[in-house]
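The following exercises are to be worked with the sequence and the structure at hand. Each task is followed by a solution in steps.

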Amino acid sequence: MATVQVSEAEKVYILHGVRDDLRVDGRGCEDYRHMEIETDMVSNTDGSAKVTLGHTDVLVGVKAEMGKPRPMVPDEGYLEFFVDCSANATPEFEGRGGDELGMELSNTLYKVFNNRYSVDLKSLCISRGEHCWVLYVDVLLLQCDGNLFDAISVAIKAALFNTKIPKVHISEDEEGGKEIELSDDPYDCMRLNVENVPCIVTLCKVGHRHVVDATLQEKACSVASLIISVTHKGTVTCVRKVGGGSLDPESIFEMTETGKRVGKALHAPLMELLQEEESLGKKRQKVGFLG
Amino acid sequence: MLKSKTFVKKTRSGGIMKIVREHYLRDDIWCGSEVCTECKQEETVLQKDTYIESNLCSFPHYLLPDTNIVLSQIDILEDPLIKNVIILQTVLQEVRHRSAPIYKRLKDILHDKEKHFYTFTNEHHRETYIEREQGESANDRNDRAIRISTKWYSDHLNNTPTDKRLKVVLLTNDRGNKEKAEESGLLTYRCKKQHTTVTSVPQDETAVLTSNEITSSKVLFPEHLPLSRIQSGIKSGTFQQGTFRASRDNYLEATVFVHGEGDDSTEVLIQGLQNLNRAVHQDLVAVEILPLNQWVAPSSVVLQDEGPKEDDVTEEEEEAELKSGPSGAASRKPTGRVVGIIKRNWRPFCGMLFLSQIKEATRHLFTPADRRIPRIRIETRQAATLAGQRIMVAVDGWPKHSRYPNGHFVRSLGSAGDKETETEVLLLEHDVPHQDFSQAVLSFLPKMPWNITEEDMAVREDLRNLTVCSVDPPGCTDIDDALHCRDLPNGNQEVGVHIADVSHFIRPGNAMDLEAANRGTTVYLTGRRIDMVPELLSSNLCSLRSSVERLAFSCIWEINDKAEIVKTRFTKSVINSKASLTYAEAQMRIDDANMNDDTTKSLRGLNRLAKILKKRRIEKGALTLSSPEVRFHIDSETHDPIDLQTKELKETNSMVEEFMLLANISVAQKIYDEFSECALLRKHPAPPPSNYDILNKAAKSKDMVIHTDSAKALADSLDAAQVDGFPYFNTLLRILATRCMMQAVYFCSGMDSDFHHYGLASPIYTHFTSPIRRYSDIIVHRLLAVAIGADSTYPDLMDKHKQSALCNNLNYRHKMAQYAQRASVAYHTQLFFKSRGILNEEGFILFVRKNAIIVLIPKFGLEGTVFFENKDKPSPKLIFNEEVPSLTVEGHSFNMFDKVKVTISLDASNVQHQKIRMSLVEPVISGVSVAPSEPEPEVKRAKLDR
């Protein structure tokens, strides 16, 4: 992952700051950086969103395609994740440089969404055992400035919120042959319930404390971090530890509590923002990639 | 400005795809009007002065029709009086989506400079583009787009100087759309209202679609099944699919021709209005076969729908009568009922208006010229004007509670009885393409003056020194064959058949070729010829006229004294015909011992060989059949027929025929040897034995036996069938035999295995000798040219499926051309009888029907029906015996070949179906026969009886 070189003196400076709940950029330990969200960015996806967190820039597109339900769960659709670490983000990703990170990120996303509560998979089923919607969630890293997980998770939530799946219904003719019919009204589409989609909160252990939304410099000072995915109710769906150092159980407990609190606090304004943007409809001023 | 259009569609593999298209909006789309000063347009389409005079809009205006108007009123839009119309892109796209043929017609109008139709690309105009809103259907969106554009036009044209100000009138039949448009201050009219007030277009108002259909509470017909039910029914075998063929003689009867696997096709009989269930001739229908106990035999009653029947009583009676027909189990046929229509085959029909008895009525019945088409109900206020005219009517639909289909007036062809009009009707009814050749076709004609070039000479054999001559009927301008004959040093003779090299001028695939392929054949009507290729070719460059150098395709034989072919060769050549003779002239030369020039010698040699060839051919079993053919003497000024005579055959006719047959057979063999898969050949299948039933019965009535097991046996027994004191009997028998024959057809050798030509008793046959008037010959020429290395091939020539498709078209065109020819002769016969008044003639009974006899008058080659039932008279006692067949009327029995005397007159009571009426004079049967008519004034007779 993208790293920065931090000198010992700088580290000490950061550590001391965190100890006093005052970070280099003036935030408190549980504050996020400035976040920008825009949805419906890519017209040829069914749902998309771009999230800018500090200088971290993530684009998520959701494509709905028809597929066959998995044999174990014949009445559910499923999600597929793919993270593409573009060399735009950092030169290190050039060639196959980003593959490892991409894999790690997508694996984490599978874990985070691997529960019955985050997305109502049953609503993605078209006909039991035969057809279901498969949502391909493609994540593109445009710029890395730390805290990728959180940015990605927020972007995914926004993109899923934005996703419009065309409505289909199945008509049966006399011989029992099934025909999939598509509504000719482009506005006639299905929306997903994203209420329970979790957000990831990454907590970095810096010195004796932990910080939310660590910058690259803070990350360099941290030995280990904890990834916690939290729903709007504060339910934790997944916890992972990343980084080389170790965490003692007590601080894990503390970090989880912080994660839940921060996560809950993140969901409410996010949903509000998305609803507001949606309500603007066609009047919304599009910002796009150059804005 | 960039917008994107997004829509979702289903892919072929069943997936669902979201498609995003870029859509650019522009500021530089101009309004196309001459009055506009704002738009920087280079050319304008819409005129400054618009001349649609209308009661509704007295001011100058442009019309702006919506999609439904275009779809339903395309006939009006095509009218030359409707000009200055704005067609929106939205409308154009919708029309294209909904109906390809109408789209094509609309495009043609748009391309017509005279019509001043302007396409406004509103979908790309920045100010008129709209996006579909939530909850809005695609149609609503388009209607809105049309309104927005109309609004834009009105505002836009308001900016022009006041004196030139024009208005835009939106035409719509949609009430909701009209209301909304009026809300936003647009001038909107329903098409009907608009056009009924167009004063200068009298016939237009009749074309207005009857939007409020004739409704009656009574449902007359069973509902048609939906297509899905029909399809599953056909799959499971409960229904059969076939082509509906209405009976010419009986409007309550039809057959459905069900195509089975391979040759296994059957005919299903349909009887009664309910069972016919609104099917129209040539529709593709689904039928259900009735249980065996409901099967009936085809009736031999001749029934004509005699007009609107307010009560159905008479009809039921007729139907009852129909069913009481012969119920012998043997004659019963598979009977069914129509359950649904798979594909309508409606075209605009020619015919006449049958005025409603009620004055001021706007709904009238239209009687099509083709008797197999039912009457059509149309709505018009111009009935009085249209009465007596031949008109074209398109069918719109046939609701289940209506006795007749509903339709609308398309155009008038001219007044009935007018020769031009009648010929037009005849051509239209027989689907004969007869428009002038298009510019694209004419562009492929060689440039005049045309000369044979050095290159042509280099690849062709120079036969200009040969004594070639042509023999044709008098007045023939498209001479496609010429002959020569000369002695060779070895005692054999060289005979050449030279055929016009049309394929040199018509190159494969170009517009002229496609047009010729579509036309298929030249159609000869009495007094008119509809050419297959432009006249420059048919009457000049390809015509092998005398004393000019012409390109030819020659077939040259070396023939020994016994008329056996020693050697055959084919070559492209250049010839110079020494004489173009008529049959009579040629005959005269042969007979005149004093003439001894080269041409005459050549003719004599040909004649001698032809006689041997003919004899040999007849020995092999070629049939000599007969059909009464008549020729008219046409008055050179009025073009009315003044006399008619049956065609006379001279020796020279058969001389030419004999060599043409020989050439055709030689060529057929050559191209088949060379291209066994894709040779275009002609076959004449042997008729199934059942076809000869009528012939056998007829012969039996004179105690004779006709052997029909082979062509040879048939030919011999026909020769032997003579009755003393009845010389015409043999001809009658031959006429009957002709009717037993199958139709000869073109086919592709790769698609068939039976090549035999029954009538000519030849194992293989094709058409090579008339490329000017038959397209098949052009293809054969091309094949032969490839075979001898004189020309290159092209893919379609070697594709047997394409060949086969071409053959189907050619067969169809030939059939229709024949029908058209017959109809033309029939029409001229009527004209002839009109001028001659009532005549008494002798004739022979050709067929016996249940309530009529069909009589042939040898003198005129005319066939007519004598009915024994009359509407206004009590029917005489009729006993029909199908076995003999014979019909006993009041004790007198009529058999086939009986000699009768009839009066012939023209029945002009129905202008459309003017027919020759025959009534019996002898034998005298009281209450049935009529008194012979008064002889015509002497003067007239003397002149005409020459």
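A polar contact is a pair of N or O atoms within 3.5 Å; within protein, one atom must be able to donate a hydrogen and the other to accept it, and residues adjacent in sequence count only if both atoms are side-chain atoms. The model is predicted.

**Exercise 1. The contact between the chains**

Task: Describe the contact between chain B and chain A by its residues, its buried area and its polar pairs.

Solution. 
Step 1. Turn to the area. The size of an interface is often given as the accessible area lost when the parts come together. Here chain B and chain A bury about 1,500 Å² between them, and 53% of this lies on carbon and sulfur atoms.
Step 2. Locate the residues of chain B that lose the most area to chain A: they are B:Ile16, B:Lys18 and B:Arg132, which together account for 41% of what that side buries.
Step 3. Count the interactions. Two residue pairs are in polar contact between chain B and chain A, both at pLDDT 80 or more, while the number of salt bridges between these chains is zero.
Step 4. Assign elements. On the side of chain B that touches chain A, two or more residues each come from β1 (2-10), β2 (16-24) and α9 (227-236) of chain B. The largest share, four residues, is given by β1(B).

**Exercise 2. A sheet in chain A**

Task: In what order do the four strands of the open sheet in chain A lie, and which helices lie across its strands?

Solution. 
Step 1. The order is β12-β11-β13-β14 in chain A, with antiparallel pairing.
Step 2. The edges are β12 (209-212) and β14 (236-242) of chain A, each of which pairs on one side only.
Step 3. On average, neighbouring strands of this sheet are turned by 25 degrees against each other, direction ignored.
Step 4. Consider one pairing: β11 (residues 199-206) of chain A is joined to β12(A) by four bridges, and the two run antiparallel. A:Lys205 has A:His210 in β12(A) as its bridge partner.
Step 5. Helix α2 (residues 99-113) of chain A lies across β11, β13 (225-230) and β14 of chain A, at about 150 degrees to β14(A). Helix α5 (residues 249-280) of chain A lies across β11, β12, β13 and β14 of chain A, at about 140 degrees to β11(A).

**Exercise 3. A helix in chain B**

Task: Which residues of helix α23 (residues 711-720) of chain B are buried, and what covers them?

Solution. 
Step 1. Apply the cut-off for buried, under 20% relative accessible area. The buried residues of α23(B) are B:Ala711, B:Ala713, B:Leu714, B:Ala715, B:Ser717 and B:Leu718.
Step 2. Their cover includes α22 (693-701) and α24 (728-740) of chain B.

Definitions and conventions
Residues numbered from 1 in each chain as written. Chains lettered and ligands numbered in written order. Predicted model: local features only at pLDDT ≥ 70, side-chain atom pairs only at ≥ 80, totals over all residues. Heavy atoms only, no water. Pairing = 2+ DSSP bridges. Axes fitted to C-alpha atoms, helices over the stretch in contact; angles between N-to-C directions. Contact = heavy atoms within 4.5 Å. Buried < 20%, exposed > 50% of the residue type's maximum accessible area, 1.4 Å probe, protein only. Buried area = accessible area lost by both parts, 1.4 Å probe. Salt bridge = Lys/Arg side-chain N within 4 Å of Asp/Glu carboxyl O.
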